[in-house]
Amino acid sequence: MKNYFLFVLLPVILLAACEKDDENNDDQNNEQTAVNYYPMQVGNYWVYQSEGVDASGNPTGQTGQDCVVIVKDTTINGELFYKHNKFKLQNGVYKKWMADYYLRDSASCIIDNYGMIHFGHNLINDTIAERMEMHANGTDTLYRLYVIMKKETNPVTVPSGTFNDVLDSRYHVYSNLTSPDISQPLTTHKYYSDNVGIIYFELVYVSAGYKDIYKLLRYNV
């Protein structure tokens, strides 16, 4: 059985508060909120072109197309959340892929229905989430995961265009499952652009260091 998992899909624990003093964020546009970088309304969608690369960044030949759609809003514990569905293009038809998930905006953060932070536009250079997973024996650590917010200094180009105002939820993972010839931490990026949403993200197969890279093809917000 192939030994891998996509670490960016794992739940993480809340670390950073979504409120932060503006004087510590001099480059922040105070009029912006988290939903500027991830617009949430029913009917919004993002279509991504995907490709696989190995641990050295060489294409594996695996390509595809995926779509994320906000299908409805709903109330959970008195808060308004937006339900997201993921679809993968298979034989010319989009088919449901992976579990549904729920997100909402809270102050300057995007959080899920477990209260975990996925993005914080006003938390640049902060560690916003962390997780450690233990082996069933209770003594060995399988992996440690950290998520840090960064401001991207260079334009990011994807099939849908070139974007300049980009923030990065940057994932770092250390794992005992990773092949010893692969350097750690394994790092992936999730780029958010103002008034667009997620324009680029990566999923990593921890054992081999392979990645699936997703680049925004088209969107409706």
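Okay, let's start with Lys83: its relative accessibility is 18%, so Lys83 counts as buried (buried is under 20% relative accessible area, exposed over 50%, partly exposed in between, with a 1.4 Å probe and protein chains only). Before I go on, this is a predicted model, where local features need pLDDT of at least 70, side-chain atom pairs count only at pLDDT 80 or more, and totals for chains, interfaces and linings use all residues. Residues are numbered from 1 along each chain as its sequence is written, and side-chain values use heavy atoms, with hydrogens and water left out.

So what does Lys83 pair with in a salt bridge? That's Asp100, at 3.4 Å from N to O; by salt bridge I mean a side-chain nitrogen of Lys or Arg within 4 Å of a carboxyl oxygen of Asp or Glu. Lys83 sits in strand E4 and Asp100 in the loop between strand E5 (93–96) and E6, so the pair ties together parts 17 residues apart in sequence. Strands, by the way, are DSSP runs of at least two residues, labelled E and numbered from the N terminus. Asp100 is partly exposed, at 29%. Salt bridges with shared partners join Lys83, Asp100 and Lys96 into one network.

The whole structure has eight salt bridges. Another one is Glu79 with Arg104, closest N and O atoms 3.6 Å apart. Glu79 is in strand E4 and Arg104 in strand E6, so here the linked parts are 25 residues apart in sequence. Glu79 is partly exposed at 36%, while Arg104 is buried at 14%.

Then there's Asp168 with Arg170, at 2.9 Å from N to O, and both of those are buried.

Note on methods:
Helices (H or I, at least four residues) and strands (E, at least two) are DSSP runs, numbered from the N terminus.
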